[in-house]
Amino acid sequence: MDVVGVEGEAAGGAGGARAVSAGEWEREPHPSDSLRTFGAVVQALREHAGLSRVDLGARVQYSKHTVESVELGRRMPDEAFVERAEEALGNTGALRKAARHLTRGEAGLAAWFRRWARLEREAVSLCTYECRLVPGLLQSEVYARAVFEGTIPLRTDEELEVQLAARMERQVMMRERPTVPFSFIVEEHVFRRQFGDAEAMRGLVDHVLELTAPRNVTLQVVPVEARLHACLDGPLQVLETSEGRRLGYSEGQQNGRLISDPKEMILLCQRYDTLRSQALNPTESRDLLERLRGEL
(Lines give C-alpha, C1' and ligand atoms only; values in the text may rest on other atoms or scores of the structure.)
Protein backbone atom coordinates (compact mmCIF):
# COMPACT_ATOMS: atom_id res chain seq x y z
CA MET A 1 0.00 0.00 0.00
CA ASP A 2 1.34 3.39 -0.92
CA VAL A 3 2.21 5.75 1.89
CA VAL A 4 -0.39 8.30 0.91
CA GLY A 5 -3.41 7.86 -1.28
CA VAL A 6 -5.76 10.11 -3.19
CA GLU A 7 -9.09 9.06 -1.80
CA GLY A 8 -9.26 12.16 0.38
CA GLU A 9 -7.47 14.66 -1.80
CA ALA A 10 -8.92 18.14 -1.55
CA ALA A 11 -9.88 19.55 -4.92
CA GLY A 12 -11.34 22.91 -5.71
CA GLY A 13 -12.67 24.78 -8.71
CA ALA A 14 -11.76 28.27 -9.72
CA GLY A 15 -12.20 29.40 -6.18
CA GLY A 16 -9.33 27.25 -4.91
CA ALA A 17 -9.19 24.24 -2.58
CA ARG A 18 -12.12 23.60 -0.32
CA ALA A 19 -12.40 22.02 3.11
CA VAL A 20 -13.04 18.29 2.99
CA SER A 21 -15.79 17.05 5.27
CA ALA A 22 -15.22 14.18 7.67
CA GLY A 23 -17.29 11.85 5.55
CA GLU A 24 -15.21 12.33 2.40
CA TRP A 25 -12.41 10.10 3.65
CA GLU A 26 -13.20 6.50 4.37
CA ARG A 27 -12.75 5.73 8.04
CA GLU A 28 -10.00 3.18 8.53
CA PRO A 29 -11.66 -0.07 9.68
CA HIS A 30 -8.38 -1.32 11.16
CA PRO A 31 -6.19 1.62 12.28
CA SER A 32 -2.53 0.66 12.09
CA ASP A 33 0.22 1.52 14.56
CA SER A 34 1.82 3.79 11.94
CA LEU A 35 -1.41 5.77 11.50
CA ARG A 36 -1.72 6.26 15.25
CA THR A 37 1.92 7.32 15.49
CA PHE A 38 1.58 9.77 12.60
CA GLY A 39 -1.53 11.22 14.22
CA ALA A 40 0.26 11.65 17.53
CA VAL A 41 3.06 13.56 15.76
CA VAL A 42 0.52 15.86 14.08
CA GLN A 43 -1.17 16.52 17.41
CA ALA A 44 2.12 17.20 19.20
CA LEU A 45 3.27 19.66 16.54
CA ARG A 46 -0.13 21.36 16.48
CA GLU A 47 -0.21 21.81 20.25
CA HIS A 48 3.40 23.02 20.25
CA ALA A 49 2.39 25.66 17.70
CA GLY A 50 -0.50 26.74 19.95
CA LEU A 51 -3.15 25.81 17.38
CA SER A 52 -6.55 24.26 17.92
CA ARG A 53 -7.91 21.65 15.54
CA VAL A 54 -10.13 24.34 14.08
CA ASP A 55 -7.08 26.55 13.50
CA LEU A 56 -5.10 23.78 11.82
CA GLY A 57 -8.11 22.76 9.76
CA ALA A 58 -8.37 26.29 8.40
CA ARG A 59 -4.68 26.33 7.48
CA VAL A 60 -4.69 22.95 5.73
CA GLN A 61 -8.18 23.52 4.23
CA TYR A 62 -9.73 20.46 5.81
CA SER A 63 -12.44 20.31 8.45
CA LYS A 64 -11.62 20.07 12.15
CA HIS A 65 -13.27 16.62 12.11
CA THR A 66 -10.76 15.43 9.51
CA VAL A 67 -7.89 16.83 11.58
CA GLU A 68 -9.24 15.00 14.61
CA SER A 69 -9.60 11.73 12.67
CA VAL A 70 -6.03 11.94 11.42
CA GLU A 71 -4.70 12.70 14.90
CA LEU A 72 -6.55 9.70 16.32
CA GLY A 73 -5.26 7.39 13.58
CA ARG A 74 -8.72 6.84 12.15
CA ARG A 75 -7.99 8.13 8.64
CA MET A 76 -5.20 7.78 6.11
CA PRO A 77 -4.03 11.34 5.29
CA ASP A 78 -3.71 12.18 1.61
CA GLU A 79 -0.72 13.94 0.09
CA ALA A 80 -2.39 17.36 0.21
CA PHE A 81 -3.02 17.06 3.95
CA VAL A 82 0.57 16.01 4.63
CA GLU A 83 2.07 18.86 2.60
CA ARG A 84 -0.19 21.56 4.02
CA ALA A 85 0.20 20.32 7.60
CA GLU A 86 3.97 20.26 7.14
CA GLU A 87 3.96 23.89 6.04
CA ALA A 88 1.51 24.94 8.75
CA LEU A 89 3.47 23.26 11.54
CA GLY A 90 6.98 24.56 10.97
CA ASN A 91 8.35 22.75 7.93
CA THR A 92 10.46 20.47 10.12
CA GLY A 93 10.21 17.60 7.65
CA ALA A 94 8.86 15.31 10.37
CA LEU A 95 5.46 14.78 8.75
CA ARG A 96 6.83 14.15 5.27
CA LYS A 97 9.27 11.57 6.63
CA ALA A 98 6.67 9.93 8.88
CA ALA A 99 4.17 9.72 5.99
CA ARG A 100 6.58 7.53 4.03
CA HIS A 101 6.06 4.77 6.58
CA LEU A 102 2.28 4.90 6.78
CA THR A 103 0.49 1.60 6.27
CA ARG A 104 -3.10 0.56 6.66
CA GLY A 105 -4.09 -1.87 9.37
CA GLU A 106 -4.09 -5.50 8.29
CA ALA A 107 -7.70 -6.60 7.98
CA GLY A 108 -8.48 -9.79 9.83
CA LEU A 109 -5.61 -9.51 12.32
CA ALA A 110 -6.07 -8.49 15.93
CA ALA A 111 -4.65 -5.03 16.59
CA TRP A 112 -2.13 -6.35 19.11
CA PHE A 113 -0.87 -9.01 16.65
CA ARG A 114 -0.26 -6.84 13.56
CA ARG A 115 3.24 -5.74 14.42
CA TRP A 116 4.32 -9.32 15.11
CA ALA A 117 2.72 -10.48 11.86
CA ARG A 118 4.83 -7.94 9.98
CA LEU A 119 7.98 -9.09 11.79
CA GLU A 120 7.16 -12.71 10.92
CA ARG A 121 7.30 -11.94 7.21
CA GLU A 122 10.87 -10.61 7.49
CA ALA A 123 12.27 -13.00 10.10
CA VAL A 124 15.24 -15.23 9.31
CA SER A 125 13.97 -17.87 11.76
CA LEU A 126 10.75 -18.43 13.70
CA CYS A 127 10.06 -20.67 16.70
CA THR A 128 6.56 -21.33 18.04
CA TYR A 129 5.29 -23.16 21.13
CA GLU A 130 1.54 -23.73 21.53
CA CYS A 131 -0.49 -25.41 24.25
CA ARG A 132 -3.99 -24.02 23.46
CA LEU A 133 -4.67 -24.67 19.80
CA VAL A 134 -2.93 -25.55 16.56
CA PRO A 135 -0.61 -22.63 15.64
CA GLY A 136 -2.16 -20.30 13.08
CA LEU A 137 0.60 -21.04 10.57
CA LEU A 138 -0.37 -24.74 10.61
CA GLN A 139 -4.17 -24.54 10.78
CA SER A 140 -6.32 -26.07 8.06
CA GLU A 141 -9.03 -23.81 6.66
CA VAL A 142 -11.77 -25.93 8.26
CA TYR A 143 -10.02 -25.78 11.64
CA ALA A 144 -9.44 -22.01 11.41
CA ARG A 145 -13.10 -21.46 10.52
CA ALA A 146 -14.18 -23.50 13.54
CA VAL A 147 -11.88 -21.42 15.78
CA PHE A 148 -13.35 -18.14 14.52
CA GLU A 149 -16.94 -19.40 14.70
CA GLY A 150 -16.45 -20.29 18.35
CA THR A 151 -14.96 -17.02 19.56
CA ILE A 152 -16.78 -14.41 21.62
CA PRO A 153 -18.08 -11.90 20.61
CA LEU A 154 -19.65 -13.59 17.61
CA ARG A 155 -18.52 -12.33 14.21
CA THR A 156 -20.60 -11.56 11.17
CA ASP A 157 -20.14 -13.81 8.15
CA GLU A 158 -18.20 -11.03 6.43
CA GLU A 159 -15.87 -10.52 9.40
CA LEU A 160 -15.30 -14.26 9.65
CA GLU A 161 -14.32 -14.51 5.99
CA VAL A 162 -11.88 -11.59 6.32
CA GLN A 163 -10.20 -13.19 9.32
CA LEU A 164 -10.11 -16.59 7.64
CA ALA A 165 -8.48 -15.10 4.54
CA ALA A 166 -5.88 -13.31 6.68
CA ARG A 167 -4.99 -16.51 8.52
CA MET A 168 -4.60 -18.54 5.33
CA GLU A 169 -2.55 -15.73 3.78
CA ARG A 170 -0.05 -15.90 6.65
CA GLN A 171 0.76 -19.49 5.69
CA VAL A 172 1.91 -18.43 2.23
CA MET A 173 5.19 -17.15 3.64
CA MET A 174 6.14 -20.67 4.74
CA ARG A 175 5.85 -21.92 1.17
CA GLU A 176 7.58 -18.86 -0.29
CA ARG A 177 10.55 -18.93 2.11
CA PRO A 178 12.06 -22.44 1.85
CA THR A 179 15.40 -21.44 3.40
CA VAL A 180 13.95 -19.89 6.56
CA PRO A 181 13.91 -22.30 9.54
CA PHE A 182 10.45 -22.71 11.11
CA SER A 183 10.24 -24.63 14.39
CA PHE A 184 6.97 -25.69 16.04
CA ILE A 185 6.50 -27.39 19.41
CA VAL A 186 2.87 -28.31 20.10
CA GLU A 187 1.20 -30.20 22.93
CA GLU A 188 -0.33 -33.53 21.89
CA HIS A 189 -3.69 -32.71 23.46
CA VAL A 190 -4.05 -29.84 20.99
CA PHE A 191 -4.32 -32.34 18.13
CA ARG A 192 -6.73 -34.52 20.09
CA ARG A 193 -9.24 -31.74 20.80
CA GLN A 194 -12.39 -32.38 18.79
CA PHE A 195 -13.63 -29.58 16.53
CA GLY A 196 -15.66 -31.37 13.85
CA ASP A 197 -16.27 -34.80 12.40
CA ALA A 198 -13.58 -37.40 11.73
CA GLU A 199 -13.03 -36.11 8.20
CA ALA A 200 -12.30 -32.59 9.48
CA MET A 201 -9.91 -33.97 12.09
CA ARG A 202 -8.07 -36.06 9.48
CA GLY A 203 -7.92 -33.03 7.20
CA LEU A 204 -6.22 -31.03 9.96
CA VAL A 205 -3.60 -33.72 10.58
CA ASP A 206 -2.95 -34.07 6.84
CA HIS A 207 -2.55 -30.30 6.53
CA VAL A 208 -0.09 -30.16 9.43
CA LEU A 209 1.93 -33.07 8.04
CA GLU A 210 2.07 -31.42 4.62
CA LEU A 211 3.18 -28.01 5.92
CA THR A 212 5.84 -29.53 8.19
CA ALA A 213 7.27 -31.91 5.57
CA PRO A 214 9.83 -29.49 4.00
CA ARG A 215 13.39 -29.65 5.35
CA ASN A 216 13.23 -26.12 6.75
CA VAL A 217 10.18 -26.87 8.93
CA THR A 218 10.41 -28.82 12.18
CA LEU A 219 7.47 -30.08 14.23
CA GLN A 220 7.88 -31.57 17.68
CA VAL A 221 5.00 -32.83 19.79
CA VAL A 222 4.97 -32.80 23.59
CA PRO A 223 3.21 -36.09 24.46
CA VAL A 224 0.47 -36.17 27.07
CA GLU A 225 2.56 -38.49 29.25
CA ALA A 226 5.40 -35.98 29.38
CA ARG A 227 6.18 -34.49 32.75
CA LEU A 228 5.93 -30.81 33.66
CA HIS A 229 8.25 -28.86 31.42
CA ALA A 230 10.01 -25.53 30.82
CA CYS A 231 7.24 -23.58 29.07
CA LEU A 232 4.33 -23.94 31.47
CA ASP A 233 3.85 -20.16 31.55
CA GLY A 234 2.03 -20.35 28.23
CA PRO A 235 2.38 -20.01 24.45
CA LEU A 236 5.57 -18.47 23.13
CA GLN A 237 7.02 -17.28 19.83
CA VAL A 238 10.59 -16.27 19.16
CA LEU A 239 12.04 -14.89 15.94
CA GLU A 240 15.39 -13.64 14.72
CA THR A 241 15.65 -10.56 12.52
CA SER A 242 18.05 -10.10 9.61
CA GLU A 243 20.16 -7.94 11.96
CA GLY A 244 20.57 -10.87 14.34
CA ARG A 245 18.20 -9.47 16.96
CA ARG A 246 15.88 -11.84 18.79
CA LEU A 247 12.31 -10.81 19.62
CA GLY A 248 9.52 -12.65 21.39
CA TYR A 249 5.75 -12.60 21.48
CA SER A 250 3.29 -13.90 24.06
CA GLU A 251 -0.48 -13.71 23.91
CA GLY A 252 -3.34 -13.89 26.38
CA GLN A 253 -6.97 -12.86 26.64
CA GLN A 254 -7.54 -9.84 24.39
CA ASN A 255 -3.90 -8.83 24.36
CA GLY A 256 -0.47 -9.65 23.09
CA ARG A 257 3.00 -8.55 24.16
CA LEU A 258 6.03 -7.96 21.96
CA ILE A 259 9.18 -8.72 23.94
CA SER A 260 12.47 -7.05 23.06
CA ASP A 261 14.39 -6.83 26.35
CA PRO A 262 17.66 -8.78 25.80
CA LYS A 263 17.68 -10.32 29.29
CA GLU A 264 14.10 -11.50 28.96
CA MET A 265 14.82 -12.89 25.51
CA ILE A 266 17.74 -14.93 26.83
CA LEU A 267 15.38 -16.51 29.35
CA LEU A 268 12.68 -17.26 26.76
CA CYS A 269 15.19 -18.78 24.34
CA GLN A 270 16.56 -20.98 27.13
CA ARG A 271 13.05 -22.18 27.91
CA TYR A 272 12.31 -22.97 24.28
CA ASP A 273 15.60 -24.79 23.80
CA THR A 274 14.98 -26.83 26.94
CA LEU A 275 11.50 -27.76 25.76
CA ARG A 276 12.99 -28.98 22.48
CA SER A 277 14.90 -31.60 24.45
CA GLN A 278 11.77 -32.56 26.40
CA ALA A 279 9.49 -33.02 23.37
CA LEU A 280 9.47 -35.92 20.92
CA ASN A 281 11.94 -35.61 18.09
CA PRO A 282 10.57 -34.69 14.62
CA THR A 283 10.39 -38.29 13.38
CA GLU A 284 8.64 -39.50 16.52
CA SER A 285 6.29 -36.51 16.32
CA ARG A 286 5.22 -37.30 12.75
CA ASP A 287 4.73 -40.93 13.71
CA LEU A 288 2.48 -39.82 16.58
CA LEU A 289 0.35 -37.64 14.30
CA GLU A 290 -0.02 -40.47 11.80
CA ARG A 291 -1.15 -42.78 14.61
CA LEU A 292 -3.66 -40.17 15.77
CA ARG A 293 -4.97 -39.91 12.22
CA GLY A 294 -5.36 -43.69 12.08
CA GLU A 295 -7.45 -43.63 15.27
CA LEU A 296 -10.00 -41.24 13.78
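What follows is a set of exercises, each with a worked solution.

This is a predicted model, in which local features need pLDDT of at least 70, side-chain atom pairs count only at pLDDT 80 or more, and totals for chains, interfaces and linings use all residues. Residues are numbered from 1 along each chain as its sequence is written, and side-chain values use heavy atoms, with hydrogens and water left out.

**Exercise 1. The whole chain**

Find how many helices and strands the protein chain has, and what percentage of its residues is buried.

Step 1. The protein chain holds 13 helices and six strands; these are DSSP runs numbered from the N terminus, H or I of at least four residues for helices and E of at least two for strands.

Step 2. Of the 296 residues, 43% are buried (under 20% relative accessible area; exposed is over 50% and partly exposed lies in between, with a 1.4 Å probe and protein chains only).

Step 3. Take the contacts (heavy atoms within 4.5 Å) with a separation of 6 or more: residues 24 or more positions apart account for 73% of them.

**Exercise 2. Helix α11**

Check whether the length of helix α11 agrees with its residue count, then describe its N-terminal end and its packing.

Step 1. The expected span is 1.5 Å times one less than the number of residues. For the 14 residues of α11 (198-211) this gives 20 Å, and the end C-alpha atoms are 20 Å apart, so the two agree.

Step 2. The buried residues include M201, L204, V208 and L211. The partners of the buried residues are α7 (141-149), α9 (172-176), α10 (188-192), β3 (217-222) and α13 (282-295).

**Exercise 3. Two buried residues with polar partners**

Decide whether E71 is buried or exposed, do likewise for Y129, and find which side chains make polar contacts with each.

Step 1. E71, found in helix α3, has a relative accessible area of 4% and is therefore buried.

Step 2. The E71 side chain makes polar contacts with the side chains of R46, at 2.6 Å, and R53, at 2.7 Å. A polar contact is a pair of N or O atoms within 3.5 Å; within protein, one must be able to donate a hydrogen and the other to accept it, and residues adjacent in sequence count only if both atoms are side-chain atoms.

Step 3. Y129 belongs to strand β1 (residues 125-130), and its 2% relative accessibility makes it buried.

Step 4. The side chains of Y129 and E187 form a polar contact of 2.6 Å. These two residues are 58 apart in sequence and 8.3 Å apart in space, C-alpha to C-alpha.
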